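Please look over the structure shown below before reading on.

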Amino acid sequence: MCYDDEEMLMLSGIQHYMFCPRQWGLIHMEQLWNDNRLTAEGSLLHKRVDDPFYRQKNGSTITLRHVALASKQLGLYGYSDAVELHRASSSENAITHSRYPGYWLPYPVEYKHGSHKKTPCDEVQLAAQVMCLEEMHDLKLDKAAIFYWKTEQREEIAIDENLRRLVVDISTRMHNHMHSGILPPAEPSRQCKSCSLKDVCLPKCSNKNAKNYLKQSLYEENA
């Protein structure tokens, strides 16, 4: 499927949806946002990483910041924290850059505030960035990386078919929710405690039946 410009959704929403579909809906459908300590720290750590005018050269590797990405097939657009350019020996499966002669292989690097998560939400966001780059430049990329600030470790991620299928599935679900206008239901869990939107979401109340809630809270049962 190919999406029109007005149907394009934010690339960062992939990670939000994987973490919690309702959080994604509150942010991207209802345009709601609250900061807490975790989100504020994440914003500060990204401040330098996201500077599009900051470029870094380390040997033959060039690092570009805040690189614009888009995919009509996925209906996603956004920015990569960083894309490294690794020297390529030929034009096959490579790109050129106006400022740097020769051929280059793009290598996205995503920066995360915490540490490696039990769910693949970070990996899926990274895979979506890779798929955007592939579509934009007619490439085939098989790996990228995530840098975790908390552990100060960089993990290389293989962009396999399982991750690619998850990206397609989640982006489709995001578009379906957006088209329907129906906010995803809350699914209360332990992670709600650290969510900056918990006071907006009210996960313990949002799925209650209104009739039963009024009956239990306001009206007395007949004797």
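What follows covers helix H4 and the ring pairs around Tyr 111.

This is a predicted model, in which local features need pLDDT of at least 70 and side-chain atom pairs count only at pLDDT 80 or more, while totals for chains, interfaces and linings use all residues. Residues are numbered from 1 along each chain as its sequence is written, and side-chain values use heavy atoms, with hydrogens and water left out.

**Helix H4**

- Helices (H or I, at least four residues) and strands (E, at least two) are DSSP runs, numbered from the N terminus.
- H4 covers residues 121-137, which is 17 residues, and spans 25 Å from its first C-alpha to its last, close to the expected 24 Å (1.5 Å times one less than its number of residues).
- Because 14 of its 17 residues are buried, H4 is largely enclosed by the rest of the structure (buried means under 20% relative accessible area, exposed over 50%, partly exposed in between, with a 1.4 Å probe and protein chains only).
- Asp 138 follows H4 and has a positive phi, near 55°.

**Aromatic rings**

- The whole structure has 5 aromatic pairs (rings of Phe, Tyr and Trp, the last by its six-membered ring, with centres within 6.5 Å; planes under 30 degrees apart are stacked, over 60 edge-to-face, the rest tilted).
- Tyr 111 and Phe 147 form a tilted pair, 5.6 Å centre to centre with 50° between the planes.
- Tyr 111 is in strand S6 (residues 100-112) and Phe 147 in strand S7 (residues 143-148), so this pair ties together parts 36 residues apart in sequence.
- Tyr 111 is buried, at 15% relative accessible area.
- The rings of Tyr 111 and Trp 149 are also tilted, with centres 5.7 Å apart and planes at 40°.
- Trp 149 is partly exposed, at 27%.
- Tyr 111, Phe 147 and Trp 149 are linked by ring pairs into a cluster.
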